[in-house]
Amino acid sequence: MKTKKVFQNIVLLTMIFSMTYACKNKKNTDVGYDDSLNTTLNISYYLPGDLNADATQRELALFAWKEFFALNWQSSWTKDSLRTIADSTWNFATGGAQPDLAVWETYIHRTELRPANGKRTKDLSKGLPYYTFIDSTTVNVGPNAIDLDDYWNVLDEDNEIGSAYLFAHKDEYEVLYAAKTNLVEYDYVKKYFPTDTLLDTASRKGSNKGLSYFTSLSKEQMCASDSISNSGLICLPCGDEAGNEGVIEIKLAFRKLDASKGDDSSRFITKEVVVFKKDSITEDIDAIVDTFGLIGMHIIHKTKNYPTFVFASWEQVDARNNDMQTIGLDAVLVDGNSYTDVDPHRLNPVIERVIPETLQGINDYVQNEIKKENSVSKWQYYELIGVQATPLDYKDRTSDNNYFMANYVIESDLKLTNFHGSFGDPFNDTIQNVACNKRSYNMGGCQGCHGQAQLSFGTDFSFLLDEGAGKPVPSPDLYQTYEEALEAAQGQLSSGKVSNLKAFVKNLDN
């Protein structure tokens with residue numbers, strides 16, 4: 001792709017978004033309070049399996065919020081030891097600021113989905129979690145080792161899918177991540193691909209079939225999980241309105257809170273977490289228990305009417321005011337310098353991260369409903385920033401203001417914010433990166449990115465099932481200082497891991 005064309009496309013895109021979102025409070029016919037919403041939203045543990053095939057943005061937003069409630073509901077685990085199940089007797093109105101143990105905390109961690117020995121044999125429907133790393137001889141060893149399986153929130157990722165490190169308060173607190181799935185996905189993989197050898201074979205088979213195969217499938221065929229999986233291909237189960245849950249994956253972003261810098265812990269869902277630091281003497285990786293605040297959440301859900309997944313993303317409402325700063329791992333230059341202390345969130349030209357007006361109205365409504373039922377609930381301090389369901393082409397992007405959906409604390413850098421191509425060519429509007437219902441699309445944002453897992457990796461939109469680096473997890477990522485992260489980034493870039501963004505961004509500064 002020619003740099004000039006890329007520059008022209010992004011400038012045009014910036015103009016379009018500027019006109020579309022110029023006034024955050026501008027009214028339209030699909031924004032704001034609507035009394036009829038009172039009959040469509042219940043704050044409950046019910047997890048919807050699907051919604052109608054031609055859902056409006058408002059209906060998708062309400063569907064997403066219902067998922068948020070269900071996954072943040074009190075888990076039943078303390079009563080019955082069951083994982084991924086809500087406690088139907090828990091009362092939201094009297095439940096305090098947050099549940100002691102949320103349903104999502106009991107989801108299946110990526111190291112459980114992909115155990116170090118490459119074999120899925122355990123029953124994960126109940127009991128404690130079971131974390132494993134390939135490098136077991138240097139991770140969490142010695143006299144101060146803790147039992148990882150006693151903790152639900154093990155933060156073993158320190159970057160935005162290899163794209164950037166992120167710090168809050170400019171250079172103070174690194175953001176850490178965790179990826180989890182529901183039991184439906186684990187049990188599916190355990191049944192059809194119990195070993196990584198079988199899983200990798202299926203992934204390669206799907207990758208080799210590529211676009212031509214996936215564009216031959218109708219929506220119904222994209223949900224024919226049993227028959228397609230029996231043929232040796234990965235096809236994750238779909239949720240439906242009959243009560244089948246379907247596959248759900250979540251991505252979580254956490255950081256340390258600091259009251260001296262204005263962080264109010266009463267406005268954050270806070271959890272006991274495990275982070276990892278390297279011992280300065282032994283060079284081993286120590287597991288350390290701390291308390292962090294949740295600042296971002298993705299929920300992606302495969303359903304019968306939306307087999308390319310419904311992608312929904314939340315941010316804590318204060319996150320955008322906390323001087324978030326990235327360190328690029330893809331040689332993203334700011335003002336011609338890879339390592340400058342300039343915030344890439346505002347690299348010029350930029351797509352402004354304005355929440356679509358329809359979602360602003362829904363958020364206002366939902367947050368008001370939360371406060372009416374429970375005035376101290378921390379849920380009121382989270383906002384839905386985007387929801388994607390039906391793929392569309394780049395040329396039609398103005399018809400859906402979620403086309404470039406990107407979370408401020410999960411997809412922070414230029415590459416992920418503007419994504420609508422492939423990993424090697426992220427701004428190419430000719431690349432078909434998503435297949436759905438017998439055609440293909442050049443889709444943007446989260447769905448376009450996960451489309452790489454569909455077409456290139458053969459893993460049905462899941463980045464947890466391919467045979468790429470880090471699966472199974474060799475060792476957890478480290479909780480770093482800003483200086484350590486900067487040094488790590490410089491080392492990675494000097495080793496040759498440089499993307500085509502380098503030339504692209506240089507051109508923008510000329």
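Student: Which residues point one way from E2, and which the other way?

Tutor: Ala164, Leu166 and Ala168 point one way, Tyr165 and Phe167 the other way, and all are buried. Before we go on, this is a predicted model: local features need pLDDT of at least 70, side-chain atom pairs count only at pLDDT 80 or more, and totals for chains, interfaces and linings use all residues. Residues are numbered from 1 along each chain as its sequence is written, and side-chain values use heavy atoms, with hydrogens and water left out.

Student: What makes E2 mostly covered?

Tutor: Five of its five residues are buried. Buried means under 20% relative accessible area, exposed means over 50%, and partly exposed is in between (1.4 Å probe, protein chains only).

Student: Why is Thr84 called buried?

Tutor: Thr84 has 13% relative accessibility, so it counts as buried. Thr84 sits in the loop between helix H3 (77–80) and strand E1 (108–109). Helices (H or I, at least four residues) and strands (E, at least two) are DSSP runs, numbered from the N terminus. Thr84 and Tyr107 are 23 residues apart in sequence, with 5.4 Å between their C-alphas in space.

Student: And why is Glu487 called exposed?

Tutor: Because its relative accessibility is 57%, Glu487 counts as exposed. You'll find Glu487 in helix H12 (residues 482–494).

Student: How do you know that E2 pairs with E3?

Tutor: Two strands pair if DSSP finds at least two bridges between them. Two bridges join strand E2 (residues 164–168) to E3, and the strands run antiparallel, so they pass that cut-off. Ala168 has Tyr173 as its bridge partner in E3, and Phe167 has Glu174.

Student: Which strands form the open sheet, and in what order?

Tutor: Three strands form it, in the order E3-E2-E9, with antiparallel pairing. Strand E3 (173–174) and strand E9 (325–328) are called edge strands, as each pairs on one side only.

Student: Which residue takes a positive phi in the hairpin of E2 and E3?

Tutor: That's His169, with a phi near 55°, and the hairpin has four residues between the strands.
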